[in-house]
Each structure stands twice: as C-alpha cells, then as structure tokens.
Amino acid sequence: MGHTITEKILMAHTNLKDIAPGQLINAKVDIALGNDITAPIAIREFRAAGGKKVFDRDKVALVLDHFTPNKDINSAQQCKTVREFAVEQGITHFYEGGQVGVEHALLPEKGIVVPGDLVVGADSHTCTYGALGAFATGVGSTDLAAAMLTGELWFKVPQTIKFVVYGKLNRWVSGKDLILHIIGRIGVDGALYQAMEFTGETISALPMADRLSMANMAIEAGAKNGIFAVDAVTVEYLKGRAQKPYKIYVSDTNAVYADIIEIDAGKLEPQVAFPHLPSNVRGISRAGEIKIDQSLIGSCTNGRIEDLRIAAQILKNRKAAPHVRLIVVPATPLIYRQAMAEGLLDIFMDAQAVISPPSCGACLGGHLGILAEGERSVATTNRNFVGRMGHPKSEVYLASPAVAAASAVLGRLASPDEL
Amino acid sequence: MIFKGKVWTFGDNIDTDAIIPARYLNTSDPAELAKHCMEDADADFMKKMKPGDIILGGENFGCGSSREHAPIAIKAAGVSCVVAKSFARIFFRNAFNMGLPIFESKDLADAVDEGKEIVIDSVRGVITLAGSDRTFPISPIPPFMEQLLADGGLMKHIAKKK
C-alpha cells in the first residue's frame, strides 16, 4: 500500500517500518514552537517535570508575538517568563521587540522550517508550514513542554483528504478565497483529525504566499495539517533562506485517501466568511449591504508582502471611508521594511490607515484593533467566532486583502471591481 | 471512574474563544481563568454551575485555538468532565495531556435536557440518565490514552517512563 506525503514524513520521524492511519506513534520533532500566550504554561510544566535543559536549543522557537508590544502588566509578565527561559536555555530562535514577527510568517521567512520537517507549535495555525511540504500541526502547551523536554511527541496518524483544484483563478481571487470556499464546502469539522493535501493545476500555479494562506486555515476545517507537494515554486522560495538541507516527500500514486474532492476554481469570485464561523462562506456578489467599522489587513493568514502589495494596488489614490478604521499589520519586520521601501506605507498612510507593528493582537481580540459592541470588521484573518476581535456582540467578516481594501474604501463589504 | 452530575448543554462548534476568550489570556492562573469559563457561550455559566457538574457539547467541541487555557478553565471551574458528540483534535489531546476527562457520545446530547443528572461509568463505557434505565455508549478510548489519564497527564506519564 502506498503512502501520502503526511504519512511519509511522520514515518521518517519514527523507527517504524510502516505506519497506517489511525495508528498512535511517537515521533521526533524538528521544531517545537511557542508564543507569549502558550509558552508560559509549557515552561511551568517543563519545570514541574524536573526539566533542566531543552532537548536541543536549535530546535525550539519562542516568539513573543501575541500580546506584544506588551499590552498590559500581565502580558508583560508572560513575556518576561518566556524571555528568561529563552536566555537561560540559550534558545537560538527567540524573537521579540524589533525582531519579532507574527510567528507563522516569521519562521518560513527565515527558513527555519524546511520541507520534510515535523513541526509542532503551541498555536493552532502552526499548520501554515504545510505549504512548504512539512508536516506541521498545532498542539497544546503540555505537548510543547513534552516536546521541549524529550524531542518527541505522540501522534495519531491522520487519514488524508486530497483536494484536486483546477481552473484558472479570476481576477482578485486568491489562495484565501480558495481555502474559504473549501471550508464553506466541507464545514468547520469537514476534515476533523485528517490531513488536507492540496493538489491540481491551480495549486501548481499558486505563489507561495497563497499556499501559506491556504495551509494556515486547514485548522478551520478541523484538520490536523494541510500539505502541499514541493515543486519549483517551493524550491525557489527556499533559495537563500533554508537554514538546513531538506528532504522532499511525494505521495505515492497508490496512496490511500479518505476522500478525493475536486474543486473548479475557475468559477470562483472573491469569498467572504460571515459571522460566526469560517464555514459560513458566500461569494462577494451575494454579500448584500454590510456596513463596516473596521478593516484589518494582516495576520499569519494574510500579512505578507504580496498581501500588502494587493491592498496597496487597490488603496492607491483612494481613502478609507470616513467611518472606517483601516489597520494594516505587516507581519514581520522584513515585510515592514519591504513595504516601506516599495512605498506601500505611503499609500496606506495616504489612505488614512493606521500601520501597526507586527503583532497577532488585533486578530484574536487582544489589542491594537478591538471592536466595540455592535461593530463590524472585515478582516484578512482566519477566525470569526463570537467575540473573536472584541465585544461578544461584534462581528468579523473574513476575506482576502483585495476585498478588505475595497471594503475599507467603500465602507461596506465590497469587491475591488466595484471601485 | 464514576462521574455523576447535572448537565449544562451547549450546541455544535463551541470554540475555545467561547470557552475562554482571548481577552483573559494575559494570565495562565487556573483560578483566574475559571472565573470566565464558557463566558462567550453563556455569560451566566459560572453563576449557575456547581462543582461536579458536567458540560455537554455537540459536534466539534473545542474547535479553534490551541489554547490549553480552555481545558484548564473548565477543570478549574470544577466541571467534572465534558461529554460531546465529537471533539476538535487539539482540544481532545489537550484534555488527555492535562487530565480533564472527556467522553464522546453521539446520541446523549439529543436525548437529555439541560439540568438533568447523568451518571458516567468510564470503566463500563456507558452513560445513564439518572432516574431512568436509558443508557448511552461512550466511544472507546485507545489504551495509550487511558494510560495518559491513569498517569495523571502527559508530563507525569513521561516521568514514569524514564
């Protein structure tokens, strides 16, 4: 019986000769990631278990990106806990202050994750790295503690659903729209405990930024991981970045899939997920008149330079509607600098945007863009649960940077074609 | 183990933002987190519930963020266990790793009303409605995960193996 990429990567991190979906295995971890919210609990558990040294200081990444710049005293304490641990342990990949970026944008950008890696992160959007042909999955803080201590973790080998995407994407349709459409089709538990493998001609033509957006939201369909085969686009992305040699895995032609789902992407228009589930998706032409108070462009889903370029293209010589707070969050310092060098920040400021430092804050309702009761935000983020970005009676509409930019200008959910 | 308590019912897709909103994640103190348990799903939950009560969810309970603060808040609130039709995978592993008992039952949620008492016999693998002889099977737990629970969570399990 053949194997999928996901099965092959998991197997390569064990001593087993064969593995099958459903099997519980112990596997070696290449990178274990934590942030200022999840790492403090992991550090507490690590110490309580008598932990003195992490298994490998080069294989732990600690990124203070959630409630930073420190939003209050408690948040500052959490960051302090992680910082002291990182210094004590000599953690190689420790990022804060002017070096910090949103973790799932930062790690690929720096080449810390490479194809064939097994990555666990105490952050559900760790699945982002599947875009690079790595097995990457979100875990909890205790898992992170165990991984930091032993370099291994238990996994249930997932079944894989294969998505075959074909057709040429229409103007303004991106990887974000594709993944929203897929989640809308299969539901928020449509891939529960499973791997989502993205294939097909549309995927082959998709730039890395779009693949990262897609893999990022695999968790929103309940998936364990999302994964893309390594191709010329991946290899090009890794050039000059990959911090170590990497291994490429390919799904066997006789690999067994739980399901194969075909998607005709040529017919898609930009998509929007309405409150309060990422699966509550419809095409922008069916959005109706939804007035917005805020437009947030950023996050681990869509805060990359490619996303900012699209937003700038739409916002150039235009202004956000007077009642709309437009917030742009470059996801990493490098992206910030690139946006500055390319003149994008001028375009955003001319559009009366607030430019935020790299942070996860607004996306999860932490700080830097909280919604009041009854307010609505269009956001290029990944979750629109009740209270996600602020008051329990506020609303979040998930969309691409193109739709978020157009909506900011028109003051309501809108397609760039309406400008 | 036997768990006996009143059930508080919640629907499908109860996400971890509803279990413990991110605005409270500037601490990991269990007692602090417990004060806000289930707040965005039912703002009065902590006023109504009593220690030993049981949370009864629908499909995909605990979806969303990986925050272990969610099972920590539930456990520290005094909820004895969670029963749901299905669990989101990170919540599922977090619960076993940190020692919050959870049980999967496809039919219970549709057969019991809020406020009713249930009895869970985790050894026999059945749930009974108090004052009735109706029983509901619990989906079996793999032996490894039973061991995790018996050892008191993942870190104690690792310590024992050493």
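**Domains and chain contact**

Chain A is divided into two parts, domain 1 (5-263) and domain 2 (274-418). The model is a predicted one. Between domain 1 and domain 2 of chain A, the C-alpha centres are 24 Å apart.

The two domains of chain A touch each other through 34 residues of domain 1 and 32 residues of domain 2. On the domain 1 side of this contact, the elements of chain A that supply two or more residues are α4 (103-109), α6 (175-186) and α8 (208-216). Of the residues on that side, α6(A) provides the largest share, with six residues. By residue class, the side of domain 1 of chain A that touches domain 2 of chain A has 13 nonpolar, 14 polar and seven charged residues.

The second contact to follow is the one between the chains. Here chain A contributes 42 residues and chain B contributes 35 residues. On the side of chain A that touches chain B, two or more residues come from each of α2 (39-48), α3 (73-89) and α5 (141-150) of chain A. Among these, α5(A) gives the most, namely seven residues. The side of chain A that touches chain B is made up of 20 nonpolar, 14 polar and eight charged residues.

How values were computed:
Residues are numbered from 1 along each chain as its sequence is written. Chains are lettered from A and ligands numbered from 1 in the order in which they are written. This is a predicted model: local features need pLDDT of at least 70, side-chain atom pairs count only at pLDDT 80 or more; totals for chains, interfaces and linings use all residues. Two residues are in contact if their C-beta atoms, placed from the backbone, lie within 7 Å. Helices (H or I, at least four residues) and strands (E, at least two) are DSSP runs, numbered from the N terminus. Ala, Val, Leu, Ile, Met, Phe, Trp, Tyr, Cys and Pro count as nonpolar, Asp, Glu, Lys and Arg as charged, and the others, Gly among them, as polar. Domain bounds come from an automatic or database domain assignment.
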